Amino acid sequence: MIQTGDHLYITNNIKLACALLTMGHKLKDNESCCIEENGKTEVNFIFEDTNNLVSADARRWKAGLESMNLEEPLAYLWAYAHNRDRLLDVIKQSIPMVRVRSGGKILLYPKNATAEQKRRIMTKL
C-alpha cells in the first residue's frame, strides 16, 4: 500500500520499466496497475525510489543514447529496446511471402501477387 512519505517513481513506458527491472530496481509490491477509461487501458509501473536511483536512471534513459556512456548497461538496454522497435517496423512494412514446396523444390512468391504472377511462378516447380 502506498503511504505518505513513500519515495516512488511511476512510468507507463514499458521499455523504460523493463530496463529499470533489468538494472535491479524493484517494483513496489502489488502497486503497479492497469487503468481503463473510455475504452483505453493505461498501465502504470510503480517503483520504489528511496535513494532516487530509479529517477536518476529514468532521466538518463529519457535523455537518450547520446547522453550515456556507451559501455554502461543502461546504454545497451536502450539500444536493444530501440533496435527491436526498428526491426518490428521492418517486419510490418515487408510484404509477406507464401512458400510452396513440391518435391525437393521450394518457391516463394509475394502474398499480394496477382493470379497471373502466381501462375508464372508456379510453372517453375
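This is a predicted model: local features need pLDDT of at least 70, side-chain atom pairs count only at pLDDT 80 or more; totals for chains, interfaces and linings use all residues.

Reader: Where does Asn30 lie?

Author: Asn30 is not a glycine, although its phi is positive, at about 55°. Its relative accessible area is 78%, so Asn30 is exposed. As for its place in the chain, Asn30 belongs to the loop between α1 and β2 (33-37).

Reader: Is Lys28 buried or exposed?

Author: Lys28 also sits in the loop between α1 and β2. Leaving aside neighbours within four places in sequence, Lys28 is in contact with Met1, Ile2, Asp6, Leu8, Ile46, Phe47 and Glu48. The cut-off for buried is under 20% relative accessible area. Lys28 has 16% relative accessibility, and therefore counts as buried.

Reader: In which loop is Asn52 found?

Author: Asn52 is a residue other than glycine with a positive phi, near 60°. A relative accessible area of 44% makes Asn52 partly exposed. The loop in which Asn52 is found is the one between β3 and α2.

Reader: Which residues have the most contacts inside the largest nonpolar core?

Author: The largest nonpolar core has 15 residues. Elements giving two or more residues to this core are α1, β3 (40-48), α2 (53-63) and α3. Those with the most contacts inside the core are Tyr9, Leu16, Leu20, Phe47 and Trp61.

Reader: Which residues does Leu20 touch, not counting residues up to four places away in sequence?

Author: Leu20 has its place in helix α1. With 0% relative accessibility, Leu20 counts as buried. Beyond four places in sequence, Leu20 touches Tyr9, His25, Phe47, Val54, Asp57 and Ala58.

Reader: How many Å apart in space are Leu20 and Asn83, C-alpha to C-alpha?

Author: In sequence, Leu20 and Asn83 are separated by 63 residues. From C-alpha to C-alpha, the distance between Leu20 and Asn83 is 18 Å.

Reader: Why do the buried residues of α2 line one face of the helix?

Author: The buried residues of α2 are Val54, Ser55, Asp57, Ala58 and Trp61. An α-helix has 3.6 residues a turn, so residues three or four places apart point the same way. Viewed down the axis of α2, the buried residues line one face because they fall within an arc of 165°.

Reader: Which exposed residues does the face of α2 turned away from its buried side carry?

Author: The buried residues of α2 have a cover that includes β1 (8-11), α1, β3 and α3. Just after α2, Gly64 takes a positive phi of about 95°. On the face turned away from the buried side, the exposed residues are Leu53 and Arg59.

Reader: With which residues is Trp61 in contact, leaving aside its neighbours within four places in sequence?

Author: Trp61 is one of the buried residues of α2, and also one of those with the most contacts inside the largest nonpolar core. Leaving aside those neighbours, its contacts are Asn13, Lys15, Leu16, Ala19, Met68, Leu74, Leu77, Trp78, Ala81 and His82.

Reader: At roughly what angle do the axes of α1 and α3 cross?

Author: Lys15, Ala19 and Thr22 in α1 meet Leu74, Leu77, Ala81, His82 and Asp85 in α3. By class, this contact has four nonpolar, two polar and two charged residues. The crossing is right-handed. The axes of α1 (residues 14-22) and α3 (residues 73-93) come within 10 Å, and they cross at roughly 145°.

Definitions and conventions: Residues are numbered from 1 along each chain as its sequence is written. Side-chain values use heavy atoms; hydrogens and water are left out. Axes are lines fitted to C-alpha atoms, for helices over the stretch in contact, and angles run from 0 to 180 degrees between N-to-C directions. Helices (H or I, at least four residues) and strands (E, at least two) are DSSP runs, numbered from the N terminus. A crossing is left-handed if the near helix is turned anticlockwise from the far one by less than a right angle, and right-handed if clockwise. Contact means heavy atoms within 4.5 Å. Ala, Val, Leu, Ile, Met, Phe, Trp, Tyr, Cys and Pro count as nonpolar, Asp, Glu, Lys and Arg as charged, and the others, Gly among them, as polar. A nonpolar core is a set of buried Ala, Val, Leu, Ile, Met, Phe, Trp, Tyr and Cys residues joined through side-chain atoms within 4.5 Å. Buried means under 20% relative accessible area, exposed over 50%, partly exposed in between (1.4 Å probe, protein chains only). The arc is that of the directions from the helix axis to the C-beta atoms.
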